[in-house]
Amino acid sequence: MRFALDSSHTDFADSIDSLLAKSDMPAVIRSWNAGDTAPGLKVWQRLAETGVNGLIIDEAHDGLGADAIDLVVAVEQLGRHAVPGPVAETIAVAPVLLAGAAPERLSALAEGALATVAAPPRVPFAVDANAVELTLLAEGDSVSTATVGDQHGSVDQARKLFSVTAAETLGDADAERAFDMGALATAAQLLGLGRTMLEVSTEYAKQRKQFGKAIGSQQSIKHHLANVAIGLEMARPLLHGAALSVRDGSADARRDISAAKVACGDAAYRASRIALQVHGAIGYTQEHDLSLWLTKTRALLTAWGTPSVHRARVMESL
């Protein structure tokens, strides 16, 4: 099994990274937190122009017809920049559901419309239903549009949760595959978040001085950051391996996705804990950009399947 990405993948990742780096994402996220979604929606429209929204939508419906490897490569970059909005839902979950239940709606997604999905009991709420064009409810294998109800709190202010109720029935779809794709995309986001927190913490450790010396010169700080780096690098092959399993239709794809979700979640969580220790209490204040990555990491750990759910799926497969 080949794990190395080719130049088309790296070039695509670099183009997304460059686009988001120029978008002042901390300011965009804070606007989204405050209820002003306009700057975030502009970012999403620019992403749609690169083809991100239509990655796994077939060409007949104006998508790219790409595979799961392209998906995780792109979504990792969205995680790196903590892009607000229903990332996994729009790019990975809704396309799978609509392909089965209402393929005529796929073109709108590919062109930049945002979608969110609730799939109780594992995904009880729809993320950012106040900022999307399409809200879906998957109950069993039945898919319907949904009416948005009450808002619920989230540890991540850029991840608003809403109760939904069924409206118009669209048809049947493979809800289990949609759940798996949501878990795969969330794992990619977590890996990207972890990478950014490692980079920010390493840079801070080089600059922050105590008693006339950079704190990064301390052996304990070096060891902690090295352990974070190892965790992230060990999670990456599991993520790419899961994407390959999905692409190739492997019978072990579900197991591989769960393994990737657990590994990427653990690695990102360790990165968040060490980042907070390196920065001290200032890292958790809303004024510091690190807080935007910390809270999103904590929220995504349980999105599209808790760690216990995915560990159980791995155990069942052994």
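Reader: How do you know that the length of helix H9 agrees with its 27 residues?
Author: This is a predicted model, and H9 covers residues 253-279. At 1.5 Å a residue, H9 should span 39 Å. The end C-alpha atoms are 38 Å apart, so the two values agree. Just after H9 comes Gly280, with a positive phi of about 80°.

Reader: What makes Phe179 and Trp304 an aromatic pair, and why is the pair called tilted?
Author: Ring centres must lie within 6.5 Å. The centres of Phe179 and Trp304 are 5.9 Å apart, so they pair. Stacked planes are under 30 degrees apart, and edge-to-face planes over 60. Here the angle is 55°, so the pair counts as tilted. A search of the whole structure finds 1 aromatic pair.

Reader: Why is the pair said to link distant parts of the chain?
Author: Phe179 lies in helix H7, and Trp304 in the loop between helix H10 and helix H11. They are 125 residues apart.

Reader: Why is Phe179 called buried?
Author: Buried means under 20% relative accessible area. Phe179 has 3%, so it is buried. Trp304 also counts as buried, at 3%.

Reader: What makes Arg122 a charge over the ring of Phe179?
Author: CZ of Arg must be within 6 Å of the ring centre and within 35 degrees of the ring normal. The charged end of Arg122 is 3.8 Å from the centre, and it sits over the ring.

Reader: How do you know that the protein chain is as compact as a globular protein of its length?
Author: The chain has 11 helices and 7 strands. Its radius of gyration is 19 Å. The globule rule gives 20 Å for 318 residues, so the chain is as compact as a globular protein of that length.

Conventions:
Residues are numbered from 1 along each chain as its sequence is written. This is a predicted model: local features need pLDDT of at least 70, side-chain atom pairs count only at pLDDT 80 or more; totals for chains, interfaces and linings use all residues. Side-chain values use heavy atoms; hydrogens and water are left out. Rings of Phe, Tyr and Trp (its six-membered ring) pair if their centres lie within 6.5 Å; planes under 30 degrees apart count as stacked, over 60 as edge-to-face and the rest as tilted. Helices (H or I, at least four residues) and strands (E, at least two) are DSSP runs, numbered from the N terminus. Buried means under 20% relative accessible area, exposed over 50%, partly exposed in between (1.4 Å probe, protein chains only). The expected span of a helix is 1.5 Å times one less than its number of residues. The radius of gyration is taken over C-alpha atoms; the globule rule is 2.2 Å times the number of residues to the power 0.38.
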